[in-house]
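With the model open in your viewer, please follow the stops below in order, making each selection before reading on.

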Amino acid sequence: MECGPWEKGQEPDQYSDIPQTQVRSVDCKQGAVRAVRYSVDGNYCITAGADKSLKLWNPNRGNLLKTYMGHGFEVLDCQGSCDNSQLISCSLDKSIVLWDVTSGNFTRKWRGHQAAVNTVKFNEESTVIISGSVDTKVKIWDTKSRSHEPIQTIEECKDSVTSLDVSNHEILVGSGDKHIRNFDIRMGTVVSDYVGDTVSCAKFTRDGQCTLVSCIGSTIKLFDKTTGELLQEFSGNINRDYRLECSLDHTDKYVLSGSENSQVYVWDLVEGGCVAKLDHGTVGVVHSIEPHPSKGQLLSGARCAFLVWEVAEGIEDERAEEPTLSSSSAYDSKPHWM
């Protein structure tokens, strides 16, 4: 599907809120970047690397703030906590690691999985951690307990767990068995939906009413969370061989996805048409994307770098307001990156 910044017959400024101006490309110097994630307020980001490291950045300036080392193999996923103090990461080494943001040291390490851990998430209060592995298990860990055992293990999946998303009482699980499963923790129920192919990524919409699912070799689909009804399909990007991330922007207006042809694709959620492509040159696979939580900014990860994309209007104003981080900044005395 051909697409540009707007469809035929539509005004250019109709899509002026899409972050399609590349303002920065940062070589992370940590091998291949496996994931890039914003902090909860969008002021900072973390990258997971093939060199076994996590790195903390100011994406608005491209400054490296801290490096976290402790995994034995590639780091595959990461996330920051809601209280500014911790990071969580998972790895090919089968472990999940909880980090102290300020000191750079890890405080807990869990090894309950029997294979590589693909994905990891905090719950909304950052009191528990949910992990999904190639061993087909989803495990839930208590961040306050000193126990090395999970508080719960979910064994519904028949193949590798490829994706997780978490709301205040639900866990959305995507799997290589071609299903998504929504676990309602309050009710103790699970709803399973067959989606036709290996799940690359599954996300709740921000309003909590729908699920967005991308599959290898297939289109991206929007489902009604309650009924399982297919509401919309989005096509054009290439996803044949890799797990690529999809997401919605901070307004739930646009659907975004990486692609194997050096692009990030953007679709109108309601109409389903492709309205923009963000060209990454010759990088090949763009596998990780992360929309800003509250404004028109996007991070994308490809090869050894992350790129920052912004809405064209207002870029200069935003740069003028950026804080300057120095050795005497508050960051050095207390964790405030989230």
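This is a predicted model: local features need pLDDT of at least 70, side-chain atom pairs count only at pLDDT 80 or more; totals for chains, interfaces and linings use all residues.

Begin with the largest cavity, whose volume is about 90 Å³, and select P19, D249, L256, P291 and Q297, which are the closest to its centre among the 14 residues that line it.

Move on to the second largest cavity, which holds about 60 Å³ of space.

Now turn to the largest pocket, in which about 1400 Å³ of space lies. Which residues are the closest to the centre of the largest pocket? Select R37, K121, D165, K203 and E290, which have that position among the 49 residues of the lining. To see where the lining comes from, show β2 (33-38), β6 (75-80), β10 (117-122), β14 (161-166), β18 (199-204), β22 (246-248) and β26 (288-291), the elements that give two or more residues to the lining of the largest pocket. Of these, keep β14 highlighted for a moment, as the largest share of the lining, five residues, comes from β14. Coloured by class, the lining of the largest pocket shows 19 nonpolar, 16 polar and 14 charged residues.

From the pocket, follow β10, one of the elements that contribute to its lining, into the sheet to which β10 also belongs. Four strands form this open sheet in the order β10-β11-β12-β13, with antiparallel pairing, and its edge strands are β10 and β13 (152-154), each of which pairs on one side only. Looking across the sheet, you will find neighbouring strands turned by 20° against each other on average, direction ignored.

For the last stop, select strand β11 (residues 128-133) together with strand β12 (residues 138-142), which run antiparallel and are joined by five bridges. Within this pair, display S131, whose bridge partner in β12 is K139.

Note on methods: Residues are numbered from 1 along each chain as its sequence is written. Side-chain values use heavy atoms; hydrogens and water are left out. On a 1 Å grid over the protein atoms alone, a cavity is a set of points where a 1.4 Å probe fits but cannot get out, and a pocket is an open set with protein on both sides within 12 Å along at least five of seven lines; lining residues have an atom within 4 Å of a point. Grid points are joined across faces, edges and corners, and a volume is the space filled by probe spheres set on the points. Ala, Val, Leu, Ile, Met, Phe, Trp, Tyr, Cys and Pro count as nonpolar, Asp, Glu, Lys and Arg as charged, and the others, Gly among them, as polar. Two strands pair if DSSP finds at least two bridges between them. Axes are lines fitted to C-alpha atoms, for helices over the stretch in contact, and angles run from 0 to 180 degrees between N-to-C directions.
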